Amino acid sequence: MAEIVLHDIRKSFGRVEVIKGVDITIEDGEFVVFVGPSGCGKSTLLRMIAGLEDITSGRLEIGGAVVNDIPPKERGIAMVFQSYAIFPHMTVRENMAFGLTIAKAPKEEKERKVQEAARILQMEDLLDRKPSQLSGGQRQRVAIGRAITRKPSVFLFDEPLSNLDAALRMDMRMEIGRLHEQLGATMIYVTHDQVEAMTLADKIVVLKDGKVMQVGKPMELYHEPANRFVAGFLGAPSMNFLEVDVLEVGADAVLVRNDALEPTQVKRRGRNFEKGGKAILGIRPQYLKLADADAGMLHGKVMLTERLGTETVVDMSLVNGGKVIASFDEDLILNAGEMLDLSFDPAQAYLFSGEE
């Protein structure tokens, strides 16, 4: 049993509070990703779970036991860091067995667990190599293998793929996903990369300035963001935000416009708006479509085009001076300065208050 419960967890460095009352429940066997921009507190929160940072106040439970004052080695966790943290003078086998060696495990047990971890990570032929003979991805697998040999209840990953190139990151993401399926262990993964969060997580925790902005399944957060921050953080390219005037407020929808946008009805989604006030309209780049001349809802000119083969990303300047990015799922030739009309389905748009 490795359920993890964080109840009103707080962390202060002197007078500066960096974790501001976090409440999260992580179910046994769940893969949870902490995501957010640099400085949001995600790594600090992970280190508190590991026992590498003291908890200023609040209660942390692992497997039903309060572990606030329990040392890291007794918490049943294993941690994989951004830096590989493997010993250069040891072989892969010795590195993977290091925790067992410290624990004075029998030689036969060490070899059995190392072989099992090597099989899971497809590293059987690398056990006698030194780290200097390995690629970056292989070194990270050694660090993960060292965690596996300890048979922990909880795996903690602190931005483990940040030092790898893009192609290798994709491969390692798949390996970590497979590892979770094979082991069924509780895993907490910290990253600033929303693509990693969306592809790996059973549940995402979005953090900002030491606070939880939203918790939920990846596509729940994508389709129903709790606020403007979550909406803008998840999704690539990022969601477009346009300031609009509120013309009418109905029970279920709000009529909005600006100098570049034709009057458009957008769902309220439970938010409150005032007639004559301002709001922020959010539209994902993928939901913008080309429209016939003068028949679109948004009007502007092309500033920059990125042709990516199966996708064309267009940076546009609207007639009111605003900017939007549109992503079309086809290869288009568009020239800088060309005027475009765009349309979108209002049901796929979001409306936020200025305070969000």
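Which residues are buried in α6? They are Met 172, Arg 173, Ile 176, Leu 179 and His 180, where buried means under 20% relative accessible area, exposed over 50%, and partly exposed in between (1.4 Å probe, protein chains only). Welcome to this predicted model, in which local features need pLDDT of at least 70, side-chain atom pairs count only at pLDDT 80 or more, and totals for chains, interfaces and linings use all residues. Residues are numbered from 1 along each chain as its sequence is written, and side-chain values use heavy atoms, with hydrogens and water left out. Helices (H or I, at least four residues) and strands (E, at least two) are DSSP runs, numbered from the N terminus.

**Helix α6**

- The 18 residues of α6 should span 26 Å at 1.5 Å a residue, and the end C-alpha atoms are 26 Å apart, which agrees; the expected span is 1.5 Å times one less than the number of residues in the helix.
- The buried residues of α6 are Met 172, Arg 173, Ile 176, Leu 179 and His 180.
- They cover an arc of only 125° around the axis, so they sit on the same side of α6; the arc is that of the directions from the helix axis to the C-beta atoms.
- Ala 167 and Glu 181 are exposed on the face of α6 turned away from its buried side.
- The packing partners of the buried residues in α6 are β3 (31-35), α4, α5, β8 (186-191) and α7 (194-200), with contact meaning heavy atoms within 4.5 Å.
- After α6 comes Gly 184, which has a positive phi near 65°.

**Helix α4**

- With 14 residues, α4 (residues 107-120) reaches 20 Å from its first C-alpha to its last, close to the 20 Å expected at 1.5 Å a residue.
- Lys 113, Val 114, Ala 117, Ala 118 and Ile 120 are buried in α4.
- They lie on the same side of α4, because their arc around the axis is only 160°.
- These buried residues of α4 pack against α2 (92-96), α3 (98-102), α5 and α6 (166-183).
- Just after α4, Gln 122 has a positive phi of about 55°.

**Nonpolar cores**

- A nonpolar core is a set of buried Ala, Val, Leu, Ile, Met, Phe, Trp, Tyr and Cys residues joined through side-chain atoms within 4.5 Å.
- The largest one has 44 residues, of which Met 96, Ile 144, Ile 148 and Tyr 189 touch the most other members.
- Helix α5 (residues 136-149) gives the largest share of this core, 5 residues.
- Another core, of 31 residues, lies apart from it and has Leu 288, Met 316, Leu 318 and Leu 340 among its members.

**Strands**

- Strands β12 (residues 253-258) and β13 (residues 261-267) run antiparallel and are joined by 5 bridges; two strands pair if DSSP finds at least two bridges between them.
- A hairpin is formed by β12 and β13, with 2 residues between them.
- Glu 61 lies in strand β4 (residues 57-62) and counts as buried at 18% relative accessibility.

**Loops to look at**

- Between Ala 236 and Pro 237 the peptide bond is cis, with omega near -10°, and Pro 237 is found in the loop between α9 (228-233) and β11 (240-249).
- Lys 151, in the loop between α5 and β7 (154-158), has a positive phi near 50° though it is a residue other than glycine.
- Lys 151 counts as partly exposed at 47% relative accessibility.
- Glu 159, in the loop between β7 and α6, is buried with a relative accessible area of 13%.
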